[in-house]
Amino acid sequence: TGLQREVGALLGDYLARKQTNRESFPHLPFSRSSSTDSFANDEGLFEQQDPQTPTSTVMEKILKRRSLQLRNQQQAWEESPEGQRMLEFRRSLPAYKEKQALLEAISRNQVVVVSGETGCGKTTQLPQYILESEIDAARGATCSIICTQPRRISAMAVSERVAAERGEKLGESVGYKVRLEGIKGRDTRLLFCTTGILLRRLLIDRNLKGVTHVIVDEIHERGMNEDFLLIVLKELLPRRPELRLVLMSATLNAELFSSYFHGAPMIHIPGFTYPVRSNFLENVLEITGHRLTPYNQIDDYGQEKSWKMQKQALRKRKSQIASAVEDALETADFREYGSRTRDSLSCWNPDSIGFNLIEAVLCHICRKERPGAILVFMTGWDDINSLKDQLLANPFLGDPSKVLLLACHGSMASSEQRLIFDKPEDGVRKIVLATNMAETSITINDVVFVVDCGKAKETSYDALNNTPCLLPTWISKASARQRRGRAGRVQPGECYHLYPRCVYDAFTDYQLPELLRTPLQSLCLQIKSLRLGSISDFLSRALQSPEPLSIQNAIEYLKVIGALDDKEELTVLGRYLSMLPVEPKLGKMLIYGAIFNCLDPILTVVAGLSVRDPFLTPFDKRDLADSAKSQFSCRDYSDHLALVRAYEGWKDAEREHSGYEYCWKNFLSAQTLKAIDSLRKQFIFLLKDTGLVDENFSTCNKWSRDENLIRAVICAGLYPGICSVVNKEKSIALKTMEDGQVMLYSNSVNGREARIPYPWLVFNEKVKVNSVFLRDSTAVSDTVLLLFGGNITQGGLDGHLKMLGGYLEFFMRPDLASTYLGLKRELDELLHNK
Ligand code: CDP
Ligand code: MG
């Protein structure tokens, strides 16, 4: 009904019209400010007095008085018995000895690089030193310190700790802000936030007006956001000569950062940790009563120059080692520890690490070793959950009166997080299963034993095939050292590396920076929306720049989905995408869902894709779980629609207080569904604020029951993630343009079908394991692909047809071109008659 010219022009107009409703574009989503904590006005959290501009004398007086108040408050706390005790603890940290040197260096230099062992007090102390010295200098009310953390959980945990050390509640002088959540008050002067939040602030405030100190923490991790932030800050510093930048790193590779900032001074905090004994697999097996059969010496990997060659050689070597170890473990038998024997040889399978070995080591520690918490490093959320299930089935480890078993990973709820830091009751052993996030940014005080599986799930990116891979890979020497160090915090510790010494020797010194191993689409969008000029030029100024091919792929992708135009400038769609804190494809889905008035199901799909799959597939009940999932599919050949139904069913069950049973019965994760639920709410705020959904929410669900339209919107988001479907006699052949033959994961509802009566599948993600696998998929028709696949907002229908041409030819479907022209004619007529 709303068609005016072409579908494409309609969309462009629509967005443009929405845009003119607000004054100037970049302030659009953040134009409101109030003191609540919703995401919609989170950027309001940063609003504050600008100390640079001359203020009226009244204002000055108020600020001065406030600064004095803050000083008195601080003194009162420090004199109280509780405060005294806290102060004593803080003074015992290694960072305290360097306090004066640090503050002096910061006042004299615009950039300072600080390094020091994990736990020496960088994150909790240094920002406080700055805050205290500002308060002492009566600038307490005007300073504004931002400290970035790579992960939300550390931003939250650290701010809470710092507030406690200052005898305050969160939201007084200390606050935090992470995506979709935050606590900050009017007087907050020290804000812990994720790196992403600071980048979003730069979007609306290029000069970080009013900010006096920026502290970038954990730079040694070389995360993509951190590397990106450093380029932006490096260019910002000359414009803000009074702004101070402190970079903090847990390892001693400070020179790299120092030279990037023209030889900025480095300060090292000498640490104290208790000695930690390392047990490599050889010893571990001896301890657990097994013998490691000798494995063949593995050849040295050479001195190849290019990193690509090195990577290849390393990969080869790693697989040699893996098979050697597998041979060795074949004789190991873990049955006496209560493990299922079934996967006892899967120790070095790339997808799982030796659960039984871990179980055996944990039993050993619990039974024979001194008291102290155990920290186990796993590869990811899935592994942690499966291991937890296995351990709970163990008669000893599963006994809650003896063992407190906890998980620790990035996406868990805050209430659960807190448990990790608490001391268990006497006689109860705390075991924390964690991802590599517990390496540096989280400190669990009472850890005495560390079990290190030697792997971490790392995204890597195959630029040649334009395929992201997510595989558990061996960690670096630096990570292994960090992991080991976690055992020596309170007393001498013990580390069990579940790999032989020779594997350790083959580790690289440091991990490859994320910027060099992930797709760059979101980043490129951000570069454009921050108006940082040409994408390639900008990225060439990074600490280590990504390969030109990766950059080209990302730009190409953004053009295909219609976020960038031919001149590489942001389109209207691109601008909206850059404001939504989700991947471009998910953002596009949200926008289309709002425009085509089928928002509700799309909110669920997008939330599901950005949290994780709520469908569980327990190791030993895979079949039951898969058939439970396929019930939700109702033969509509879509994992995404199955998710929508599962979520809606859960909502209904929740209303009758039977949500938990519903999940249990259907192999769904209640926790994930709750996360999806809350993310949906945040998306609504976000869309309302960008002006894409009207305040009273009136029309945006008019077509929410129209399954074909939902399919079309999913297709709009996921394109060009398409594969063709050819039904053969006994099987289905799936093909994408880049990879040729591809497969479906077995838990996809389409993976269980004998026939798919649609010519195309759109998919969210493909992962290269051995073959290329597609994760969730939705079947779509020719018409849907023709009208919604690609860049219809830009070139109109003709341009779109040209774009699709390559696909049509490749998949031998030239007939679609005429279908397409027919459709166009029909539309034209329709419009004409209207
Ligand atoms: O950042 P860095 O690794 O250098 O250390 P930190 O996070 O500032 O922690 C310094 C010390 O504070 C740790 O050694 C812990 O003893 C203590 N801490 C704590 O008790 N509770 C927390 N949530 C965080 C730190
Ligand atoms: Mg730290």
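Reader: Which residue stands opposite F773 in β23?

Author: In this predicted model, M743 is the residue that stands opposite F773 in β23.

Reader: How many bridges join β20 to β23, and do the two run parallel or antiparallel?

Author: There are 2 bridges between β20 and β23 (residues 772-774), and the strands run parallel.

Reader: Turning to the ligand: which residues come nearest to ligand 1?

Author: G119, K122, T123, T124 and R161 come nearest, out of 15 residues around ligand 1.

Reader: Which helices each supply at least two residues of that shell?

Author: Those are α6 (122-136) and α7 (152-165). The largest share of the shell, 4 residues, is supplied by α6.

Reader: What is the make-up of the shell by class?

Author: The shell around ligand 1 has 9 polar, 4 nonpolar and 2 charged residues.

Reader: Now the helix packing. At what angle do α18 and α20 pack?

Author: Helix α18 (residues 521-529) packs against helix α20 (residues 548-560) at an angle of about 75°, and their axes are 9 Å apart. Because angles of 65 to 115 degrees count as roughly perpendicular, that is how α18 and α20 stand to each other.

Reader: Which residues meet there?

Author: From α18, Q521, C524 and L525 meet A554, I555, Y557 and L558 of α20. By class, this contact of α18 with α20 has 6 nonpolar residues, 1 polar residue and no charged ones.

Reader: What about α13 and α14: how do their axes cross?

Author: The axes of α13 (residues 355-368) and α14 (residues 381-392) cross at roughly 50° and come within 11 Å. The two helices are therefore oblique to each other.

Reader: Is the crossing left-handed or right-handed?

Author: α13 passes α14 in a right-handed crossing.

Reader: And which residues of α13 meet α14?

Author: They are F355, I358, E359 and L362, which meet L387, Q390 and L391 in α14. By class, the contact of α13 with α14 has 5 nonpolar, 1 polar and 1 charged residues.

Terms used:
Residues numbered from 1 in each chain as written. Chains lettered and ligands numbered in written order. Predicted model: local features only at pLDDT ≥ 70, side-chain atom pairs only at ≥ 80, totals over all residues. Axes fitted to C-alpha atoms, helices over the stretch in contact; angles between N-to-C directions. Parallel < 35°, antiparallel > 145°, perpendicular 65-115°, else oblique. Contact = placed C-beta atoms within 7 Å. Nonpolar A, V, L, I, M, F, W, Y, C, P; charged D, E, K, R; others polar. Left-handed = near helix turned anticlockwise from the far one by under 90°. Near = placed C-beta within 6 Å. Pairing = 2+ DSSP bridges.
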